[in-house]
Amino acid sequence: MNTEKLTFSKLVWIFAVCCVVGFTVETLWCYFRHGYIESRKSLVYGPLSVAYGMGGVLLTLALNHMRSAAGWKVFLASFIVGTVAEYICSLGQEIVFGSVAWDYSSLPLNINGRVCLLYSIFWGVLGVGWVKLVMPLVDRAAQYMPATLNNVLVWAFVAFFIFDSALSAGAALRMNEREKGKPASNSIEVYLDNHFTDERMHKIYANSRDVEK
């Protein structure tokens, strides 16, 4: 068995685990830094931070062939991939939802507040640890997962994620429409207004802020 081969199910597992780990890290960081628990998730249901999941998948795709490469090469590749991914995530959120979840404007050597040198260095260090430590563990774990159970869990997560993403996008877009004074025009929008009020959405996306036009 070629343990270094990337399969769809392996990438789904990496995405899911990184989403949960990212959510946990962000929540703990907020608690230790500010002294309170605040929602750091990306979707309305589930402890998922999608940016971290995407980062994990991108690092895996970009660095899988570099397992035997020198550490500095892995660092440089991860530095670039992580920085580009973070910028795209920030820009995409602003374009689609008119908000941002982080702002590095106060940090030196930043680009439009979306990325900065310090966090790009973090991406580089993370990539080295990812290639040398995490990916070998993922390979070993994949060997012990029964194929049938693996398929059931993978597709259950995919179905849940698609549903959660669609609902989250709809709720966020509907909140933007309410802020503009647009009333609900169909049963779906009525449902979103009743179940995902502004108060609930602000609690879910407590770290998100609107972009000033």
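Modeller: Begin with burial: a residue is called buried under 20% relative accessible area, exposed over 50%, and partly exposed in between. This is a predicted model. Here Tyr-104 has a relative accessibility of 9%, so Tyr-104 counts as buried.

Biologist: Is Thr-83 buried or exposed, and which residues does Thr-83 touch?

Modeller: Thr-83 is buried, because its relative accessibility is 15%. Thr-83 belongs to helix H3, residues 71-97. Leaving aside residues up to four places away in sequence, Thr-83 touches Ser-78, Val-115, Ser-120 and Trp-123.

Biologist: How many aromatic pairs are there?

Modeller: Rings pair if their centres lie within 6.5 Å, and planes over 60 degrees apart count as edge-to-face. The count by this rule is 9 aromatic pairs. One of them joins Tyr-31 and Phe-32: the ring centres are 5.5 Å apart and the planes stand at 70°, so this pair is edge-to-face. Tyr-31 is partly exposed at 39%, whereas Phe-32 is exposed at 67%. Tyr-104 and Tyr-119 form a stacked pair, with 4.6 Å from centre to centre and 10° between the planes.

Biologist: Which parts does the pair of Tyr-104 and Tyr-119 tie together?

Modeller: Tyr-104 lies in the loop between strand E1 (99-100) and strand E2 (110-111), and Tyr-119 lies in helix H4 (residues 117-144), so the pair ties together parts 15 residues apart in sequence. Tyr-119 is partly exposed, at 28%.

Biologist: Which residues do ring pairs link into a cluster?

Modeller: Phe-15, Phe-157 and Phe-161. As for a charge over a ring, the charged end of Arg-114 sits over the ring of Tyr-87, 5.5 Å from the ring centre.

Terms used:
Residues are numbered from 1 along each chain as its sequence is written. This is a predicted model: local features need pLDDT of at least 70, side-chain atom pairs count only at pLDDT 80 or more; totals for chains, interfaces and linings use all residues. Side-chain values use heavy atoms; hydrogens and water are left out. Helices (H or I, at least four residues) and strands (E, at least two) are DSSP runs, numbered from the N terminus. Buried means under 20% relative accessible area, exposed over 50%, partly exposed in between (1.4 Å probe, protein chains only). Contact means heavy atoms within 4.5 Å. Rings of Phe, Tyr and Trp (its six-membered ring) pair if their centres lie within 6.5 Å; planes under 30 degrees apart count as stacked, over 60 as edge-to-face and the rest as tilted. A charge sits over a ring if NZ of Lys or CZ of Arg is within 6 Å of the ring centre and within 35 degrees of the ring normal.
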